[in-house]
Structures are given as C-alpha cells and as structure tokens.
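Reader: I want to go through this one contact by contact. Can you put the structure up?

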Amino acid sequence: MKLVLYLGWPSALALVVYVAGLTLGQFGMPPGRRISTTVYGKYEALGICVQSVTGEASEAELARGLVDAAVGSLDLPGSRRFTLPALIDAGCPGEPSHYGATAKARRVADRPDGRGQTPSPYQLHVYIVPRASLQMLGLEADLQDRRMTVEEYTVEGREPNVVLNGVTFGLYVTTAELADSQAVYRFFLRALSMHSQLGAPPRPQG
C-alpha cells in the first residue's frame with residue numbers, strides 16, 4: 001500500500017498539474033489543432049489571432065471575420081513554415097510588443113529547454129489600433145505598403161555570430177483597413193512571398 005502511495009501519488013499529481021496547465025496555461029491548445037513538427041510551439045496551420053488594443057471583444061470578433069473573409073481562400077504553392085487554410089481566432093495570447101511605454105519585441109525559446117518563454121502558437125498577431133496610432137508607431141500610411149513587426153524572436157549562435165530570427169509577427173491595422181478585403185488579400189500575398197516574414201521556408205528543429 002505504501003509503495004502505491006509513493007509511486008501513484010506523484011504520478012497522479014503530475015497528471016493533474018499537466019491537465020491544469022493545458023486548461024489554464026497561456027497557450028492551451030484548442031481541440032482539433034495540431035502543433036508544428038518543424039517550428040517549436042507553433043500551430044501546424046497558419047495561425048492568426050486578432051485583438052483590439054482597447055480590449056473590446058466585439059471589435060476583435062468583427063475584425064476576425066474580416067480577416068477570415070479576406071484570407072480564407074489563400075492557397076499558395078511552395079514549402080512554408082505552416083499549412084493552409086489558416087486558423088483565425090479572436091484574442092491573442094499576449095499584448096502588442098510595440099504598443100506602449102515599454103514596447104519592444106520579446107525573446108522566446110526555440111526548443112523546450114531553450115532560453116525565454118514559450119512562443120505564441122500563432123504566426124501572426126493582428127492588433128486593431130486607432131488611425132492615430134499608426135502614425136505614432138511610424139508605420140506606413142497604406143496597408144499595401146505596411147510592414148510587419150517582429151513581436152517575438154529567437155536567438156541562434158554566439159557572439160560575434162548571433163542571428164535573431166523572427167518567429168511571431170505583428171500587423172497593426174485599423175478596422176476600416178480590414179474592411180477592404182482586396183487590400184487585405186494583397187497584403188497577405190506580399191507577406192507570404194517574403195522570406196523575411198510569413199513566407200520563410202520551414203526550418204528543422206535543432
């Protein structure tokens with residue numbers, strides 16, 4: 001009986017903690033989704049989350065529908081870090097890293113025991129901001145010219161050969177811009193063709 005308690009109780013406790021972590025953790029995965037085998041911590045499919053900087057859920061849900069309508073039919077040839085069609089959710093696991101007084105990109109881990117927090121499972125965070133904020137952030141006035149920001153990055157190598165790799169990107173945009181489905185579609189076509197952004201080819205886990 002003592003042996004059962006000694007061996008069984010820690011195992012049961014570990015199971016409870018694991019399940020609680022999946023349920024309450026910042027990046028608990030919804031059912032029916034798969035994690036990438038080539039990029040640590042990411043969804044297998046292109047993951048896009050949409051969030052309002054004001055925290056308004058209704059605005060985020062409206063924007064999610066607009067993004068879904070614009071990119072739901074994307075299907076491009078070539079090897080990429082994710083599959084299509086995209087997964088699009090309202091609500092992101094983290095605040096915008098380039099919005100606020102202490103804004104800066106975050107370093108995340110590139111493997112389970114790596115340095116930094118677990119990366120967001122999404123490849124792209126879409127943040128809904130007021131028009132004035134686009135000017136404050138120094139972003140391009142037109143969506144067709146807008147560049148993505150690096151929200152999260154990993155570090156490879158050692159000094160003096162350190163390489164920073166963007167793993168989670170951010171798009172700061174207004175609701176009115178998202179309502180132009182053709183402009184949003186063209187934006188994603190451009191982003192998916194750039195190896196420095198969403199179009200980067202898959203890299204094996206090290």
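Reader: Which backbone oxygen lies 2.8 Å from a polar atom of the side chain of R146?
Author: The backbone oxygen of Y172. Keep in mind that this is a predicted model.

Reader: And what does the R146 side chain make a polar contact with, side chain to side chain?
Author: With E177, at 2.6 Å.

Reader: Where is the place of R146 in the chain?
Author: In the loop between α3 and β5.

Reader: Next, R147. Where is the place of R147?
Author: R147 is in the loop between α3 (131-136) and β5 (149-156).

Reader: What is the relative accessible area of R147?
Author: It is 40%, so R147 counts as partly exposed.

Reader: Which side chain does the R147 side chain make a polar contact with?
Author: That of E140, at 2.7 Å. Leaving out neighbours within four places in sequence, R147 is in contact with G138, L139 and E140.

Reader: What does F187 touch, leaving out residues up to four places away?
Author: L143, R146, M148 and L171. The C-alpha atoms of F187 and R146 are separated by 8.0 Å, and the two residues are 41 apart along the chain.

Reader: What about α5 as a whole? What span should its 13 residues have?
Author: 18 Å, at 1.5 Å a residue. The end C-alpha atoms are 18 Å apart, which agrees.

Reader: Which residues in α5 are buried?
Author: A183, V184, F187, F188, A191 and L192. Down the axis of α5, they fall within an arc of 165°, so they line one face of the helix.

Reader: What do the buried residues of α5 pack against?
Author: β1, α2, β4, β6 and α4.

Reader: OK, α2 then. How many residues does α2 have, and how far does it reach?
Author: α2 (residues 57-71) has 15 residues. From first C-alpha to last it reaches 21 Å, close to the 21 Å expected.

Reader: Which residues of α2 are buried?
Author: A60, A63, V67, A70 and V71. They cover an arc of only 85° around the axis, which puts them on the same side of α2.

Reader: Switching to rings. How many aromatic pairs does the structure hold?
Author: Three. In one of them, Y127 and Y172 have ring centres 5.4 Å apart and planes at 35°, so that pair is tilted. The pair links distant parts of the chain: Y127 is in strand β4 and Y172 in strand β6 (residues 163-173), 45 residues apart. Both tyrosines, Y127 and Y172, are buried.
Author: F187 and F188 also form an aromatic pair, an edge-to-face one, at 5.5 Å centre to centre and 85° between the planes.

Reader: Which residue lies over the face of Y43?
Author: R33, at 5.2 Å from the ring centre.

Reader: Last, the overall tally. How many helices and strands are there?
Author: Five helices and six strands. From the N terminus on, the order is α-β-α-β-β-β-α-β-β-α-α.

Reader: What share of the chain's residues is buried?
Author: 37% of the 206 residues.

Reader: And of the contacts between residues at least 6 apart in sequence, what share joins residues at least 24 apart?
Author: 71%.

Definitions and conventions:
Residues are numbered from 1 along each chain as its sequence is written. This is a predicted model: local features need pLDDT of at least 70, side-chain atom pairs count only at pLDDT 80 or more; totals for chains, interfaces and linings use all residues. Side-chain values use heavy atoms; hydrogens and water are left out. Helices (H or I, at least four residues) and strands (E, at least two) are DSSP runs, numbered from the N terminus. The expected span of a helix is 1.5 Å times one less than its number of residues. Buried means under 20% relative accessible area, exposed over 50%, partly exposed in between (1.4 Å probe, protein chains only). The arc is that of the directions from the helix axis to the C-beta atoms. Contact means heavy atoms within 4.5 Å. A polar contact is a pair of N or O atoms within 3.5 Å; within protein, one must be able to donate a hydrogen and the other to accept it, and residues adjacent in sequence count only if both atoms are side-chain atoms. Rings of Phe, Tyr and Trp (its six-membered ring) pair if their centres lie within 6.5 Å; planes under 30 degrees apart count as stacked, over 60 as edge-to-face and the rest as tilted. A charge sits over a ring if NZ of Lys or CZ of Arg is within 6 Å of the ring centre and within 35 degrees of the ring normal.
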